[in-house]
Amino acid sequence: MPKNSKVTQREHSNEHVTESVADLLALEEPVDYKSSVLNVGGVPPPPCKNKGVEEPQDPGEERPAWNSKLQYILAQVGFSVGLGNVWRFPYLCQKNGGGAYLIPYFILLIIIGIPLFFLELAVGQRIRRGSIGVWNYVCPRLGGIGFSSCMVCFFVGLYYNVIIGWSIFYFFKSFQYPLPWSECPLVKNGSLSIVEPECDKSSATTYFWYREALDISNSISESGGLNWRMTLCLLAAWIVVGMAMIKGIQSSGKVMYFSSLFPYVVLLCFLVRGLLLRGAVDGIAHMFTPRLEKMLEPQVWREAATQVFFALGLGFGGVIAFSSYNKQDNNCHFDAALVSIINFVTSVLATLVVFAVLGFKANLMNEKCVVDNAEKIMGYLNSNVLSHDLIPPHVNFSHLTAQDYTEMYGVIRTVREGSFSELGLEPCQLEDELNKAVQGTGLAFIAFTEAMTHFPGSPFWSVMFFLMLINLGLGSMIGTMEGIITPIVDTFKVRKEIFTVCCCSLAFLIGLLFVQRSGNYFVTMFDDYSATLPLTIVVILENISVAWFYGTEKFMQDLTEMLGFRPSCFYFYMWKYVSPLCLVVLMFTSIIQMGLSPPGYSAWNEETASERFQSYPPWALGMCFTLITLAMLPVPVVFVARQFHLLSDGSNTLSVSYKKGRMMMKDMSNLEDNDETRFILSKVPSEAPSPMPNHRSYLGPEGPSSLETTNTSPNGRYGTGYLMPTTPESEL
């Protein structure tokens, strides 16, 4: 440190000197904090130690850190890679042009996904706080963003853990041979045993899902009471999540070694097994046959943007929470690209697995269709409804192939054109079976389970599949809970263990809503209304607060100081212009889609053994809009409270002083407004302010600034150089 600097001149003086933060930032050289002690709240420093001896920080004030970079990457991968990669991405890919869908998805991943993922990683690592503390620091008036993120995480966690509970139920049911959903149950009808009518009208796996697992009611208005088996599974799921969270990242990081890596082992095993199945190649070929005309439809781009948005977990706060435990010099730019690419590759891998299995299932269903319709034709031939002359001579009914049936079907349809519909024959085209897209619970608990009943050693594959779903769900749930717990603990200084237990207990009690017989309908409601629109708005505000209120140039300078290199100007233009525009378009298209689609759900009808669309009753509609309102309410409330000074924004509350080489920060939040300036500029608040000593102006990322300008910075703090990479953690 230069000899003429203010701190050096008074360092050996017994006089206690109080300096402003701007003074400290104006020094010619950075302060060596390794030998200084940060003291918040005016607590007197401990006695001076011998020179050169580094004093340990108070363990209570020390922020936990990842044990290794691998743990951190696995945690981010476990959070971003979830159930949506397995049962949502393949469905969208099949629906929106097959291989052609990968093109808009990859483009939007580059211009929206990676830049915004990098932004969240960077702000969390730079400010070292959860979402509430981060957005309070970046833009105090938009500090409600963090609270909205917590609300959305809570809503999503409520129903997401229910899906883990369903997977736990199927996992334990898989330890049977044959699998309990492989055949329809028999019921007594007098002295005869007949197949359960509801199961006979649908299928064994469909019946097991709706009747045995969910025991579902006919509508959302019919509660039907609690499903006690699913209640126990939900309790088990919350106990596992709570135990993983109580120990913090040291515990959850170790959990990630298994929960993040095991799904890849299972996916690879399923891919190898699936490729050996008959018809698997048909499914994969159908999957990657591009329909390029689909790329011209706006709906495809909207759904691709939505999938990119949710696949990376943007807006939940989990990304920020995990990165806040990193070292300041961690290369989060590399992390953003790596995790995004792993997420994309995982989605493609899961798609290969899904369509290999669905190709096998489609061949089975097509063969069944051929057999059933061939029996109808033989009946028509025997009753002289159809002439034997219509049957090609080479057709052998005992070994009827799909090609032979297609030829026979075409001849009959041509000859009996007028009365063909009366015969009730189906075309039995493999393409039609492959086009029956399923997603979500329909894919995991109906289509996949049906295909696995035909696997040799089906219980083994079922156990592996549902264990994979449990691990995928747990990885995402840990990140979701971090998005709640980390910001609350950082902001309100509550005991993490106690808050975690209270949060999980409350979530379980509210989650009983989802384990009623009508619970599946509430899962659909929360999935449709509690996350999509609120999260889109949250990420828009995150982007705008960094790029326009805090300043993109200033943020780029912060990244340069933190990373040791300046990120590409590509991110500058993405953050400032492209990403906000794309997000606003996505928000309006989502609102339009919600307006055009009648609000409702698919209800199971016991008599017809099929799903049918039902509109939400008025009270359920009110509940839908309440979810959206509650999720977004913190943003305007905090904005109004801070705009009219009803709530402190946390600025001008810290005084930094040096004495004998120690730095102390004093809380000024309890001072009167007219005393704040005197406190910063003089030794004690009661003294008259003295003129500020001469100092070099602080050269911030946006050019020269003086003390007067730094006090009016967009983020309400004393300039952006306040949190340097080596600065000890401070209260923001």
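This is a predicted model: local features need pLDDT of at least 70, side-chain atom pairs count only at pLDDT 80 or more; totals for chains, interfaces and linings use all residues.
1. A quick word on terms before anything else: buried means under 20% relative accessible area, exposed means over 50%, and partly exposed is whatever falls in between, using a 1.4 Å probe and protein chains only.

2. Residues are numbered from 1 along each chain as its sequence is written, and side-chain values use heavy atoms, with hydrogens and water left out.

3. On the overall picture, the chain has 28 helices and 9 strands; these are DSSP runs numbered from the N terminus, with helices being H or I of at least four residues and strands being E of at least two. Of its 732 residues, 54% count as buried. The chain exposes about 32,000 Å², with carbon and sulfur atoms supplying 61% of that (areas by the Shrake-Rupley method with a 1.4 Å probe; for residues, only the protein chains shown count as cover). Among contacts with a separation of 6 or more, 78% come from residues 24 or more positions apart, a contact being heavy atoms within 4.5 Å.

4. Back to E367, which pairs with R278 in a salt bridge at 2.4 Å, N to O. E367 sits in helix 16 and R278 in the loop between helix 12 (249-275) and helix 13 (280-288), so the bridge ties together parts 89 residues apart in sequence. R278 is partly exposed, at 44% relative accessible area. For the record, a salt bridge here is a side-chain nitrogen of Lys or Arg within 4 Å of a carboxyl oxygen of Asp or Glu, and the structure holds 11 of them.

5. Another bridge to look at is D215 with R517, whose closest N and O atoms are 3.6 Å apart. This one links distant parts of the chain, 302 residues apart: D215 is in the loop between helix 10 (204-213) and helix 11, and R517 is in the loop between helix 21 (496-511) and helix 22. D215 is partly exposed at 28%, and R517 is partly exposed at 26%.

6. R495 is exposed at 55% relative accessibility, whereas E497 is partly exposed at 32%.

7. Helix 16 (residues 332-382) also holds T351, which is buried at 1% relative accessible area. Setting aside neighbours within four places in sequence, T351 touches F89, P90 and M287.

8. Helix 25 (residues 618-632) has 15 residues and should span 21 Å, which agrees with the 22 Å between its end C-alpha atoms (expected span: 1.5 Å times one less than the number of residues). Its buried residues are A620, C624, L627, I628, A631 and M632. They cover an arc of only 125° around the axis, so they lie on the same side of helix 25; the arc is that of the directions from the helix axis to the C-beta atoms. Their cover includes helix 8 (144-173), helix 23 (532-563) and helix 26 (634-643).

9. Finally, M243, in helix 11 (residues 228-246), is exposed at 57% relative accessibility.
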